[in-house]
Amino acid sequence: MRFIRYALPAALLLLPGLAAAHVLDADLSKLSRTDVFLTYLKLGFTHILPLGFDHVLFVVSLYLLEPRLKPVLWQATAFTVAHSITLGLAMYGVVSPPPTLVEPLIALSILFVAIENIVVERLNPWRVVVVFGFGLLHGLGFAGALTSLGLPRAMFVESLVAFNVGVELGQVAVILLAWLLIGRWAANKPWYKRRVLVPASVAIGLMAAYWTIERLS
C-alpha cells in the first residue's frame, strides 16, 4: 500500500506540468455543423482531461470521501446542474465576474473539500448543497475558457451544448478512473482513510492552497 500512500500524492503534485493551453486550430467556416459540434465536444472534454487539472482535483476530492459510484454520482449531478447554469448565463452575457475573483474561489473550493475529507468521518447529506454552490463557481471558470475560444454565431447554442457535454464526459471519465484505481478494490478496506484518503487529500489541499495564493497575487 506504500504506492498509494506516497506515489499518488506525488503524482498529484507533478501532473500540472502536463497541461497545455486550449487551441482551436480549425477553420470553423469550412466545417459541417456536425464537425463543429464534435470540435466543441472535444474542446469540452480536453478542458477536463488533460487541461483542467484543478477541476479534476475537485472531482477526485468529491470521490475520495466515499469511494463508491452512487454517492459521487449524486454530487456530480448537483455539480453538473450548477455549472451548466452559470456557464450558460456567462456565455449569454448575463453574468461576467472577473477571473481574478473566480479563479481563487475555485481553488478555495478544492481546498475546502480536501480539508473536509480529512476531518469528517462520513459523507454528509448537505455536501450536495455545498457542491452545487461550488459548481456555480466552476461554471464561471468553464465560461472563461470557452470565451477565449469563442463560439460560432451560426451554431452558438449547439456549440455551447457540445462544450458542456464534453465537460461532462470528461468528469465521468475522471470518476470512472478513480473508481477503477481506488474504489473498486480499496473502498471497504479498514486502512483506506489512513493510507489513501488522508495522504491524497493532503496533497490536493496543498496544491489548492498554492493555487489560491498564486491566483491572488
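Mentor: Let's start with Thr86, which is found in helix H4. Bear in mind that this is a predicted model.

Trainee: OK. Is Thr86 buried or exposed?

Mentor: Thr86 counts as buried, because its relative accessibility is 9% and the cut-off for buried is under 20%.

Trainee: What is Thr86 in contact with, leaving aside its neighbours within four places in sequence?

Mentor: Thr86 is in contact with Val95, Gly135, Leu136, Gly139 and Leu140.

Trainee: And Leu89, where does that lie?

Mentor: Leu89 lies in helix H4 too. Its relative accessible area is 33%, so Leu89 is partly exposed.

Trainee: Which one gives the most?

Mentor: H7 does, with four residues.

Trainee: Why would residues three or four places apart on a helix point the same way?

Mentor: An α-helix has 3.6 residues a turn, so residues with that spacing face the same way.

Trainee: Changing topic: where is the cis peptide bond?

Mentor: The cis bond joins Leu49 and Pro50, and omega there is about 10°. Pro50 sits in the loop between helix H2 (33–48) and helix H3 (53–65).

Trainee: How many residues has H3, and how far does it reach?

Mentor: H3 has 13 residues and reaches 19 Å from its first C-alpha to its last. That is close to the 18 Å expected at 1.5 Å a residue.

Trainee: How many of the residues of H3 are buried?

Mentor: 13 of the 13 are buried, so H3 is largely enclosed by the rest of the structure.

Trainee: Let's zoom out. How many helices and strands does the chain have?

Mentor: There are eight helices and zero strands. From the N terminus on, the elements run α-α-α-α-α-α-α-α.

Trainee: What share of the chain counts as buried?

Mentor: 47% of its 217 residues.

Trainee: Last one: what share of the contacts with a separation of 6 or more comes from residues 24 or more positions apart?

Mentor: Those residues account for 86% of such contacts in the chain.

Definitions and conventions
Residues are numbered from 1 along each chain as its sequence is written. This is a predicted model: local features need pLDDT of at least 70, side-chain atom pairs count only at pLDDT 80 or more; totals for chains, interfaces and linings use all residues. Side-chain values use heavy atoms; hydrogens and water are left out. Helices (H or I, at least four residues) and strands (E, at least two) are DSSP runs, numbered from the N terminus. The expected span of a helix is 1.5 Å times one less than its number of residues. Buried means under 20% relative accessible area, exposed over 50%, partly exposed in between (1.4 Å probe, protein chains only). Contact means heavy atoms within 4.5 Å.
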